[in-house]
Amino acid sequence: MLASFLLQNGITLSIALAVVGLVFAFILIRQVVGSDAGNEKMAQIAGAIQQGAKAYLNRQIMAVSLIAVVMLAAVWWLRGGLTAAGFVVGAVCSMAAGYIGMMIAVRANVRTAQAASVGNHPALKVAFNGGAVTGLLVVALGLLSVGVFYLIVRGAVDHAKHAIDSLVGLALGSSLISVFARLGGGIYTKAADVGADLVGKNEQNLNEDDPRNPATIADNVGDNVGDCAGMAADVFETYAVSLIGGVLVGHLTVGTDAAVIYPFVLCGLAIIASLIGIGWVNFVKQEATTSLVCGVAVSGLVAAGLFWWATGEIFPAGLKIGEQALPHANLFYCAVVGLVMTLLVVWITNYYTSTHHKPVRKIAKASETGHATNIIAGISIGNQATLLPVLAIAASIWCCYDLAGLYGIAIAVVSMLSLSGIVISLDAFGPITDNAGGIAVMSGLPESVRKITDELDAVGNTMKAVTKGYAIASAGLAAMVLFGSYVEDLQAFVGHKVSFDLMDPKVVIGMFIGGLLPFLFTSFCMSAVGNAAGAVVLEVRRQIGLKPGILNGSETPDYAQCVDIVTKAALGQMIVPALLPLIFVIGVSYLGMEALGGVLIGTIVTGLFVGISMTSAGGAWDNAKKFIEEGNHGGKGSFGHQAAVTGDTVGDPYKDTAGPAVNPMIKVVNILAILIIPIVFKAVVK
């Protein structure tokens, strides 16, 4: 009876659970906004950050909308109105998740600073709940958009495949916004951060967030548009694409309603698990890192129990893939692999980026002998940090494929992304605590308050690195599913088996071109940050030279000018790298389906390594600087500290611009390839 209910109403149930997630997000919004916002000086500084963040996002939306309209027209003309409607839904929901989450984050920052005057745990709660709003919005809007759109289209067409095909448009819409949000936000935040550090710390010996630094407001704005809005759009896209990939693979390889419904049910049940994890952080008093990691672990354990129950109810007699009959336990094991992968990536990234472990301390030690040795140590740690995640991804693919084929891998990816509600709460926690520390300094709060915000900021840096590692690792698995979807969809379209032979020169050429793309893409990203940061450096120097009273506090810097510089730079320089995937995919597609398949493989492999290496190195550099600032290896102002600041400056665009932006770029390449199959390859249909 219950099995029948889940088969008939599984998608509806998942939508209802998504609504529950939205309700809790709005409860948290009221709770955060209702907290004490501190004194008038704090409100003034927080207001400037809010205004800058809102102005940037509004201008970004206008810029991206122009490109989105052109893309929408192309999708409508090439794939029809339903796919175009999906494109609009994906783009709007991706943008909304980031926008709303960021607007709450810029209100949570000042309240976290005020809560820090009461104690560590009250500040932790405010910052985490502000981040949890973003996390819940990502999963709730992702599940709602895919589930509701699928049900509406399924009722309007006569074949399930047509409804599933229209979901590819939704995936493309969310991916487009994700690339621009990640790139634009990343360029903004790191241009401001690097510019502020180079002049403020290295030239004028000012502390971080010193109000005398003209770039400090732009730096705090950047934390929000990059790590809140950008990350939210990024993971929303990964979440939606993974769910759509699971549905598509389930339809193509298994072909039953149960296989299509199962991914929706997993995502819905995981929202319950995430809510319990959020409750754990709020009500169980622990040290910050322990509390956050335990919240994720509790969510994973609850999700595993719910997944076991749902798998048995939906597949009571097992399932059949081709001629092979499989027990339902195989699918559950695949889901568990996804949950274990989440915990593994959290643990591995924490090891490589936390001040408590050897890699970060190795970089800090290397700083004693100079800037060059700091950079060498950071690059070494970043390259080394690829080993364990890639081995874990390889083991997951092998295990899940052996258990349930491509559908098993798809379920592992859905399971891994289903915990995004709690994991993204950790990411948004980072910029909130960073801003809280800045507000504490600029408003002259006691040193005891700054000590708490500094401790939370160091945890936040690690959590940001952890969630970036999570996003990139999940993207690697998701891209494997999308590549499988490309192959299955291609074979269904051309009517015969398609193989990618490594002795075929077209496949090898495609792999070389695909392998090149992440390097070219990140090159543009790094260059954009460098150019914009240079403009900020010149502006900060100009203001200090023009108004010497800035340094003694008798004159006020023009914060708005730096905000305007990085806004224009971010919007102007995000266009070209964001369009590279489109140019590469469409260009190579005319070499044939084999060459395009090679591009997908090459992009997945090199993109995964580049992304993990950059984000890990950047996070380690950042926390090595903080470890020295705690009084180790000479402390603040020492030669080692100067070298660590240089490393952190190099690592900024690594970890917050180029590395994370590889994640959506990989999936855009794969989604575009699936989308153009019936357009480019129609001549080869037998």
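Predicted model: local features only at pLDDT ≥ 70, side-chain atom pairs only at ≥ 80, totals over all residues.
Residues are numbered from 1 along each chain as its sequence is written, and side-chain values use heavy atoms, with hydrogens and water left out.

Pockets were located on a 1 Å grid over the protein atoms alone; a pocket is an open set of points where a 1.4 Å probe fits, with protein on both sides within 12 Å along at least five of seven lines. Lining residues have an atom within 4 Å of a point. A volume is the space filled by probe spheres set on the points, with grid points joined across faces, edges and corners. The largest pocket holds about 1000 Å³ of space. Its lining has 42 residues, and Asp-454, Lys-626, Glu-629, Glu-630 and Lys-636 lie nearest the centre. Two or more lining residues come from each of helices H5 (160-203), H8 (288-314), H13, H14 (447-494), H19 (593-629) and H20 (639-675). Helices (H or I, at least four residues) and strands (E, at least two) are DSSP runs, numbered from the N terminus. H14 gives the most to this lining, with nine residues. By class, the lining of the largest pocket has nine nonpolar, 16 polar and 17 charged residues. Here Ala, Val, Leu, Ile, Met, Phe, Trp, Tyr, Cys and Pro count as nonpolar, Asp, Glu, Lys and Arg as charged, and the others, Gly among them, as polar.

The second largest pocket holds about 380 Å³ of space. It is lined by 19 residues, with Tyr-401, Ala-404, Gly-405, Leu-406 and Tyr-407 nearest its centre. Helix H6 (216-254), strand S2 (324-326), helix H12 (387-418) and H14 each give two or more residues to this lining. H12 gives the most, with nine residues. The lining of the second largest pocket divides into 12 nonpolar, five polar and two charged residues.

Buried means under 20% relative accessible area, exposed over 50%, and partly exposed in between (1.4 Å probe, protein chains only). In soluble globular proteins, nonpolar side chains tend to be buried together. Beyond four places in sequence, Leu-292 touches Leu-124, Phe-128, Val-281, Leu-426, Phe-429, Val-459 and Met-463. Contact means heavy atoms within 4.5 Å.

Ser-425 lies in helix H13 (residues 420-442). Ser-425 has a relative accessible area of 0% and is therefore buried. A polar atom of its side chain lies 2.7 Å from the backbone oxygen of Gly-421. Neighbours within four places aside, Ser-425 contacts Phe-128, Gly-131, Ala-132, Gly-135, Ile-278 and Ser-420.

Ala-97, in helix H3 (residues 81-116), counts as buried because its relative accessibility is 0%. With neighbours up to four places away left out, Ala-97 is in contact with Leu-137, Val-138, Leu-141, Ala-232 and Phe-236. The C-alpha atoms of Ala-97 and Val-139 are 9.1 Å apart, at a sequence separation of 42 residues.

His-633 sits in the loop between H19 and H20. Its phi is positive, at about 50°, although His-633 is not a glycine. His-633 counts as partly exposed because its relative accessibility is 25%. Its side chain makes a polar contact of 2.7 Å with that of Glu-368. A polar contact is a pair of N or O atoms within 3.5 Å; within protein, one must be able to donate a hydrogen and the other to accept it, and residues adjacent in sequence count only if both atoms are side-chain atoms. Outside four places in sequence, the contacts of His-633 include Arg-361, Ala-364, Lys-365 and Ile-628.

Ile-628 is also one of the contacts of Ser-367, along with Asn-374, Phe-639, Gly-640, Ala-643 and Ala-644, neighbours within four places in sequence being left aside. Ser-367 is in the loop between helix H10 (358-366) and helix H11 (371-384). Its relative accessible area is 0%, so Ser-367 is buried.
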